[in-house]
Amino acid sequence: MIRPSAPDLSVRIGELSLRNPVMPASGTFAEGLERVMDFNRLGAFVTKTITRELRTGNPLPRVVERPGSLINAIGIPSKGVPHFVAKTMPHYAPYDTPLIVSISAPTAEGFASLAAELSIPGIAGIEANISCPNIEEDGKAFAMRTESTAAVTRQLRAATRLPLWVKLTPNTGDMPEIARAAEGEGADAVVVANTFLSMAIDLRTFRPCLGNIMGGLSGPAIKPIVLRHVYQCSRAVRIPVVGCGGISTAEDAVEYMLAGASAVQVGTATFLQPAAMTTIIEGLKTFCLQRDVPRVADLIGGVVIEEADEPDIAWLSAAP
Amino acid sequence: MSDLLDRPPAPGPAAGAQSRAAWKGSIVAELAEVVSHQAVNVEYRHLVVRCSAEAASARPGQFFQLLCPHPPGEQPFLRRPMSLYGADPEKRHVAFLYKVTGAGTRGLDTLRPGDRLDIMGPLGVGFTLDPNWRSIVAVGRGAGLATLAPLAQAAKRNGTHVTALFSARRPELLVSVDLFHAHGADVIAVTDSESTSGPANVERILRRLIQDGQSDAFFTCGSSRLMRVQQRLAKEFAIPGQVAMEQQMACGVGLCYCCVRDFNIDGEIVSRRVCWDGPVFDLMEALP
């Protein structure tokens, strides 16, 4: 019997080539995971979002669980750029895995200057978390509107030559339009999506369960919704879509790739199974072998949509 | 930082980059088999599981993240942090002592011998015992006693005498007194129902222990009121101390920053992750 050759797991996100399509979602990854998995097996690193200003984060409690899901309002605690460059970056330097840095700022100008400052050797790409409140627009997230998405992407593009990924929020009416706005201003990829704005109330105290009152919903419960967003966005743009939302198994990752994702991010699943990402990578390999898929990239956008037949309405007239 | 001293050796980045085959994880998530599971009193359960050598090497003050089974009608989503109650590297056992309080512990309560439980650990920075300490005082209340129990065992091996001051609502709710006795500890019990658990009485008892030379170091868990008493005395008599802190957790491995607390580090307020920087902290740095 001829042994089937190992499937090719590599994917391309613009000019970046990844050894496989699996990477962490921002905010769910840190150096400590090195004690759980071999960092050289990941497709990419994605850091916690960093900001220029020092941020302590939100009041506690910062998380609350609901069936199949988690609501968080951590509040992007950040020690600023110098700390990141001096203390965090060296930790990832020895690995042969691209480092994607997630950034956030309260203004488009702030995003641009942060991206410029971080366009240094050792950083392979920028993920702009434009799902955070924009102080120039009454606290609405940049990615809630096409105009602010276009404006911030334009400034980011002018500020850096690094691969630029723009992370979108699902808390808006028309994600494909927003994705198109990001593409139109030069984004190299869109990440679909961030968490869903949500809330939980404690029935003993009648108080919100989170110190911040509202938070972002993640976990398996949101997967079918984000999958739909990925399907729609990937049909609206030519740039790659990175899928992110409730992925905890290789099957989930395959589903996302079939819907149109070129790579996937794993977040909340890591809180339950710390080795989730490497388990998913192994599972993707097995899936490709079993289904005779030579390259995992062949799965991208592979969902089979058949034109439905015209509904048969003969039974209507057949009624007595 | 104390990271380097207190943690088992982590695979350094260089090691990881140079040799893939050499990489080995030190945090293990695994399915452990329930060996025994018993009610200690109306509130507390004692759970023993058989596990890997890595998990059974857990040290006093460390904790595990348990993926609890779903009890009828409830779906706990996150793992639950549970401090180590005992570890036996030879039998490859770890033990937990817990109070049934919520969806997670109600799920744990459904486990029977032979069942499997997904445990992840050992996690966090545990207690440190100085070989020069001849006598230490451990003060605990409620579930805090469970966290201090393996310390008594380690102290015995270290040749250090332990005086355990236990606080509970009622005498019948005191747990693990026998276990502390078995490790050669003296146990002093104070309770709310006997009106002996107030800070003034606890302070009086601790002052006497200090006077008698029984307190080279303080250890505590489970009550910020009792912690404050110890902090005051630790300052007055220059006694070193350690406290095991509790906080709601999600990931348990320092990723999510949900379990942060403020600490006073040389007069500066610093935020630390209880799961990763702790759960054991310097007594004088802890804020209630």
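How many salt bridges are counted between chain B and chain A? The count is 1 salt bridge, where a salt bridge is a side-chain nitrogen of Lys or Arg within 4 Å of a carboxyl oxygen of Asp or Glu. This is a predicted model, in which local features need pLDDT of at least 70, side-chain atom pairs count only at pLDDT 80 or more, and totals for chains, interfaces and linings use all residues. Residues are numbered from 1 along each chain as its sequence is written, chains are lettered from A and ligands numbered from 1 in the order in which they are written, and side-chain values use heavy atoms, with hydrogens and water left out.

**Between the chains**

- A:Glu65 forms a salt bridge with B:Arg80. The closest N and O atoms of A:Glu65 and B:Arg80 are 2.6 Å apart.
- The contact takes 37 residues from chain B and 37 residues from chain A. Contact means heavy atoms within 4.5 Å.
- About 3100 Å² is buried between chain B and chain A. Carbon and sulfur atoms give 61% of that area. Buried area is the accessible area (1.4 Å probe) that two parts lose on being put together, summed over both.

**Nonpolar cores**

- The largest nonpolar core holds 143 residues. A nonpolar core is a set of buried Ala, Val, Leu, Ile, Met, Phe, Trp, Tyr and Cys residues joined through side-chain atoms within 4.5 Å. Buried means under 20% relative accessible area, exposed over 50%, and partly exposed in between (1.4 Å probe, protein chains only).
- A:Ile103, A:Phe111, A:Leu118, A:Leu168, A:Val192 and B:Leu206 touch the most other members of the largest core.
- Helix 8 (residues 276-290) of chain A gives the most to this core, with 7 residues. Helices (H or I, at least four residues) and strands (E, at least two) are DSSP runs, numbered from the N terminus.
- In soluble globular proteins, nonpolar side chains tend to be buried together.

**A buried phenylalanine in chain B**

- B:Phe166 is in strand 9 (residues 161-168) of chain B. B:Phe166 counts as buried because its relative accessibility is 0%.
- Leaving out residues up to four places away in sequence, B:Phe166 touches residues including B:Leu145, B:Val177, B:Phe180 and B:Ile188.

**Helix 6 of chain A**

- Helix 6 (residues 250-259) of chain A has 7 buried residues out of 10, so it is largely enclosed by the rest of the structure.
- Among the buried residues of helix 6 are A:Asp252, A:Val254, A:Tyr256 and A:Met257.
- The cover over these residues includes strand 1 (11-13), helix 5 (223-236) and helix 8 of chain A.
- A:Lys223 forms a salt bridge with A:Asp252, with the closest N and O atoms 2.8 Å apart. This pair links helix 5 to helix 6 of chain A, across 29 residues. Both A:Lys223 and A:Asp252 are buried.
- A:Gly260 follows helix 6 of chain A and has a positive phi, near 130 degrees.

**Other salt bridges**

- The structure holds 25 salt bridges over all chains.
- B:Glu43 and B:Lys99 meet through their side chains in a salt bridge (3.9 Å, N to O). B:Glu43 is in the loop between strand 1 and strand 2 of chain B, and B:Lys99 is in strand 6 (residues 93-99), 56 residues apart.
- B:Glu43 counts as buried at 18% relative accessibility. B:Lys99 is partly exposed, with a relative accessible area of 29%.
- Salt bridges that share partners join B:Glu203, B:Arg207, B:Arg232 and B:Glu236 into one network.

**Backbone and surface**

- A cis peptide bond joins A:Val192 and A:Ala193, with omega about 10 degrees. The bond from B:Gly121 to B:Pro122 is also cis, with omega near 5 degrees.
- A:Ile213 is not a glycine, yet has a positive phi of about 70 degrees. A:Ile213 counts as partly exposed at 43% relative accessibility.
- B:Asp266 has a positive phi of about 50 degrees and is not a glycine. B:Asp266 counts as exposed at 80% relative accessibility.
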